[in-house]
Amino acid sequence: WHFSQNGEPMPWVGIGLGTVAAKQFELGAVCYDMYNRWLADFCSVDPERLLGLVYIPSWDIEASVAELERARAAGLRVVNFPPPSRPGQPEYNNPAWEPFWAACSDLGFTLATHSSGGPMFDYLAGPGGLELMVYEGGGYMARRAVWWLTYGQVFERHPDLKLIITEQYEGWYRPTMLELDSIYMTFATDRTLAKMPSEYLRSNVFLGASFMSTFLAEEAWREGYAENVLWGRDYPHVEGTWRPIEDGSEPVTKLALRHVLSRVPTREALLMAGENGVRVYGLDGKYLAEVARRIGAPTAAELSVPPASLPDVDSSNAFVGQAGPRPLEPERIARAEARQRMLSST
């Protein structure tokens with residue numbers, strides 16, 4: 001996969017468009033077109049299960065619209081939506097973007113933003129470099145489209161437009177709603193939005209929960225935003241849950257789903273496990289339900305039963321330990337959940 005843990009960046013582009021050189025943009029557009037054509041062919045095997053994310057030359061809005069039209073004709077329906085402040089790219093409250101927003105709505109495209117977008121500092125020059133890089137590059141900076149599209153009235157003009165923010169740490173969704181509401185009530189003198197900013201988050205912004213914990217599942221249920229959470233297995237990253245168990249026992253993904261979603265009511269569990277994804281991406285729910293039955297995805301009844309043990313997974317070395325499952329350690333789980341609550345509250 002492009003830009004993944006395989007050492008194969010896109011041709012001419014590298015790990016991103018890092019300069020505003022015209023030649024790089026020209027080659028970047030060619031690269032994106034090549035990739036999107038390959039992607040459409042790859043996903044055509046089963047377009048209801050393989051949702052390829054279209055790359056757009058966002059420094060050229062007219063070309064981006066044309067790329068959407070070609071991609072939709074080829075069966076694609078999701079945009080790899082870059083964070084604001086990409087080199088050469090107009091800001092998202094700029095009226096010049098209106099043809100793009102209209103095309104997304106008309107063609108049925110969902111916007112998806114992966115973690116990235118932070119400034120390229122020398123994070124590893126001293127202690128805490130990894131945490132700094134994750135916080136700036138994979139957290140706040142990657143979420144900037146949320147408030148640009150909210151305050152910029154994009155969701156106001158296009159209420160059916162959906163934005164998914166994925167590969168994030170937890171604890172940001174509710175505080176962001178409160179913060180955006182506070183700023184709007186304090187500083188917005190013209191009150192141009194028909195609703196409070198938090199209401200646009202609930203209707204238009206979704207969490208791609210690649211690393212969902214039990215705490216996030218419980219908070220989403222108790223705080224009423226379970227309809228905004230999409231569980232993910234983080235394939236093909238080594239820290240994901242997608243890998244099988246070597247001895248043929250229950251797959252890690254199934255165990256992870258049961259471990260996280262058995263703590264919430266069945267209705268909310270089913271929403272986060274898949275129903276939200278079907279709705280947000282505009283998929284064929286009946287077809288996917290049959291696929292789930294065929295491949296042995298957990299049933300509603302199974303999701304309600306927590307696993308008695310978890311596999312000994314060493315994600316950093318990308319393998320499942322040979323010792324087999326280990327008993328759950330209540331003290332370890334309690335410590336981890338206390339830490340998650342602390343991080344969420346701060």
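The buried residues of helix H8 (197-204) pack against quite a list of neighbours: helices H5 (144-151), H6 (154-157) and H7 (173-187), plus strands E4 (163-166) and E5 (205-209). Packing here goes by contact, meaning heavy atoms within 4.5 Å. Keep in mind that this is a predicted model, where local features need pLDDT of at least 70, side-chain atom pairs count only at pLDDT 80 or more, and totals for chains, interfaces and linings use all residues. Residues are numbered from 1 along each chain as its sequence is written, and side-chain values use heavy atoms, with hydrogens and water left out.

Which residues of H8 are buried? They are Pro197, Ser198, Tyr200, Leu201 and Asn204, where buried means under 20% relative accessible area, with a 1.4 Å probe and protein chains only. Looking down the axis of H8, these buried residues sit within an arc of 160 degrees, so they line one face of the helix. An α-helix has 3.6 residues a turn, so residues three or four places apart point the same way.

Now move on to helix H9 (214-222). Seven of its nine residues are buried, so H9 is largely enclosed by the rest of the structure. The buried ones are Thr214, Phe215, Leu216, Ala217, Glu218, Glu219 and Ala220. Just after H9 comes Gly224, with a positive phi of about 80 degrees.

For the surface, turn to Leu130 in helix H4 (129-138). Leu130 is exposed (over 50% relative accessible area), at 52%.

How values were computed:
Helices (H or I, at least four residues) and strands (E, at least two) are DSSP runs, numbered from the N terminus. The arc is that of the directions from the helix axis to the C-beta atoms.
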